[in-house]
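Please consider the structure shown here.

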Amino acid sequence: MADLADVARVRLATLPTPLHPAPRLSDRIGVEVWFKRDDLTGLGLGGNKVRGLEYLLADALAQGCDHLVTAGGPQSNWAMLAALAARTRGLGSTLVSFGDPPREGPVGNHALALLAGARLHFTGDNDRASADRGVDDMCERLRAEGLTPYGVHRGGATGLGALGYVQATAEIDAQVREAGLQPRQLWLATGSCGTQAGLVAGRAWLALDHEVVGVTVSRPATECAERVRRIAADACALIDVPSDDLQVNIVDGFLGPAKGVRSPEGDEAAELVARTEGVFLDPVFAAKAMAGLLARARDGAVEGPVVFLVSGGAPTLFTV
Ligand SMILES: Cc1ncc(COP(=O)(O)O)c(C=O)c1O
């Protein structure tokens with residue numbers, strides 16, 4: 001148990017990231033929207049995952065680890081950033097992917113992970129969860145080789161990893177106060193659930209009023225809600241915050257054809273944002289979350305102001 005400030009953290013991100021109004025988008029949809037620009041966190045091509053890595057990598061260093069092992073598909077923003085972050089502190093990295101190596105050769109995050117010097121291992125099993133099992137097996141194998149690995153499952157979605165967005169909640173709170181803004185909702189894309197969990201725990205920590213609204217882009221809503229609640233409770237336990245009254249809101253229906261595959265609604269939303277605000281939303285996370293926000297706004301179901309988390313994922317703008 002500790003205060004957040006007492007939890008070990010390495011600095012990877014350039015913070016605070018900007019919070020700014022999106023006036024032309026707001027006019028178009030009739031809801032006041034502000035963007036929190038976590039596409040600009042500064043490591044690699046930026047993105048939300050850099051924040052959680054500050055805590056996870058500090059833990060790896062505290063445990064004397066020399067190699068980071070994690071999981072994700074070839075286009076995982078998380079896995080690429082984890083490999084890159086490990087390098088900044090002198091650690092090696094192995095990324096375990098489900099399935100087989102892509103036939104067309106490395107592009108996007110896959111190419112960037114190789115550039116960062118990551119070793120890549122494919123499980124040969126299309127079940128995504130095989131990558132997490134593969135992390136545990138790989139850690140054992142590396143220990144036998146004399147390395148000291150630090151294993152993290154997909155997305156870095158643990159209580160410790162979620163502290164990145166507990167800290168971000170304080171950052172956002174300071175920025176909205178400075179701007180004289182009282183957001184009613186904070187919208188984001190939810191995949192492995194660690195980011196939403198951190199924002200939910202952060203809301204509880206600071207006793208804030210705004211709702212955190214996660215648009216699920218990979219899992220069924222019930223599984224997502226359960227994961228957010230569990231990871232948020234784990235994060236709360238680390239910083240001694242009560243977790244019996246956590247508020248979890250999941251919006252369903254915007255996954256499109258599949259996880260990691262662009263959707264027509266997401267593409268339309270990304271086009272609108274690029275053409276009104278000059279901001280690129282990645283096609284498989286933020287674009288789908290924006291599609292959810294636009295649909296709800298069209299139904300008159302959103303009361304602003306709303307903060308929308310632009311969560312990064314630039315490498316997949318060119319690949320998926
Ligand atoms: C660009 C981007 N946005 C949003 C998310 C969702 O974050 P989480 O997995 O913590 O739910 C991810 C996850 O990889 C991501 O890469």
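This is a predicted model: local features need pLDDT of at least 70, side-chain atom pairs count only at pLDDT 80 or more; totals for chains, interfaces and linings use all residues.

Residues are numbered from 1 along each chain as its sequence is written, and side-chain values use heavy atoms, with hydrogens and water left out.

Strand S8 covers residues 211-216; helices (H or I, at least four residues) and strands (E, at least two) are DSSP runs, numbered from the N terminus. Of the 6 residues in S8, 5 are buried, so the strand is largely enclosed by the rest of the structure. Buried here means under 20% relative accessible area, with a 1.4 Å probe and protein chains only.

Strand S7 (residues 185-190) runs parallel to S8, and 6 bridges join them; two strands pair if DSSP finds at least two bridges between them. Leu186 has Val212 in S8 as its bridge partner. Together with helix H7 (residues 194-206), S7 and S8 make a right-handed β-α-β unit. Right-handed means that, with the strands pointing away from the viewer, the path from the first strand over the helix to the second runs clockwise.

S8 is also joined by 3 bridges to the parallel strand S9 (residues 249-251), where Gly214 stands opposite Ile250. From S8 the chain crosses through helix H8 (residues 221-238) to S9 in a right-handed β-α-β crossover.

Gln167 lies in helix H6 (residues 159-179). Its relative accessibility is 16%, so Gln167 counts as buried. The side chains of Gln167 and Arg51 are joined by a polar contact of 3.2 Å, a term for a pair of N or O atoms within 3.5 Å; within protein, one must be able to donate a hydrogen and the other to accept it, and residues adjacent in sequence count only if both atoms are side-chain atoms.

Notes:
Buried means under 20% relative accessible area, exposed over 50%, partly exposed in between (1.4 Å probe, protein chains only).
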